[in-house]
Amino acid sequence: MTVAFTTLPGLPASVAAARRFVTGVLHACPEATAPDEVVDRAALLTSELATNALRHTRSGDPGETFTVHLTVDAYGLRTEVHTRIPRQWQTFPHIAAPTDPFAEHGRGLLLVDQLATTWGTLAPWQHGVYFHLTWTTNPPNHTT
């Protein structure tokens with residue numbers, strides 16, 4: 001199992017940095033052989049969560065940060081984006097129905113919902129969202 005994390009400034013350029021971080025970890029992870037499709041999907045979903053962190057939480061405020069945390073094994077990965085508190089009091093990440101199906105914004109968590117194996121919010125005392133992707137559903141049989 002490989003665990004990696006990075007903390008990035010709450011700036012728009014950090015979305016691309018988060019995407020590169022996830023892609024780099026997946027390519028460098030010795031025990032994981034994630035298919036290219038899964039690597040691309042992980043990069044896209046990380047971009048969506050990082051963008052949401054900047055737009056909807058205090059992570060996008062001047063001088064603030066967000067953290068990307070990855071756990072990878074031979075069968076899948078879990079990516080967490082830890083953020084500061086939400087901008088609006090008592091809000092939580094949810095899928096919003098876009099008013100315009102061709103709009104450039106408003107479909108981030110819908111993509112996460114459609115492309116991730118599972119996803120959700122972090123524990124109640126933490127702010128952020130995670131997603132899980134798997135690429136092998138049947139672990140090899142081990143004999144003892």
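This report covers the nonpolar core and the salt bridges of a predicted model.

Local features need pLDDT of at least 70 and side-chain atom pairs count only at pLDDT 80 or more, while totals for chains, interfaces and linings use all residues. Residues are numbered from 1 along each chain as its sequence is written, and side-chain values use heavy atoms, without hydrogens or water.

**Core**

The largest nonpolar core holds 32 residues. Such a core joins buried Ala, Val, Leu, Ile, Met, Phe, Trp, Tyr and Cys through side-chain atoms within 4.5 Å; buried means under 20% relative accessible area, exposed over 50%, partly exposed in between (1.4 Å probe, protein chains only). Phe66, Val68, Val72, Leu77 and Phe131 touch the most other members. Elements supplying at least two residues each include S1 (2-9), H1 (13-28), H2 (36-56) and S5 (128-134). Helices (H or I, at least four residues) and strands (E, at least two) are DSSP runs, numbered from the N terminus. H2 gives the largest share, eight residues.

**Salt bridges**

The whole structure has four salt bridges. Each needs a side-chain nitrogen of Lys or Arg within 4 Å of a carboxyl oxygen of Asp or Glu. Three of them are listed here.

| Pair | Closest N to O |
|---|---|
| Glu37 and Arg41 | 3.0 Å |
| Arg58 and Asp61 | 3.3 Å |

Glu64 lies in the loop between H2 and S2, Arg84 in the loop between S3 and H3, 20 residues apart. Glu37 and Arg41 both sit in H2, four residues apart. Glu37 is exposed at 55% relative accessibility; Arg41 is partly exposed at 27%.
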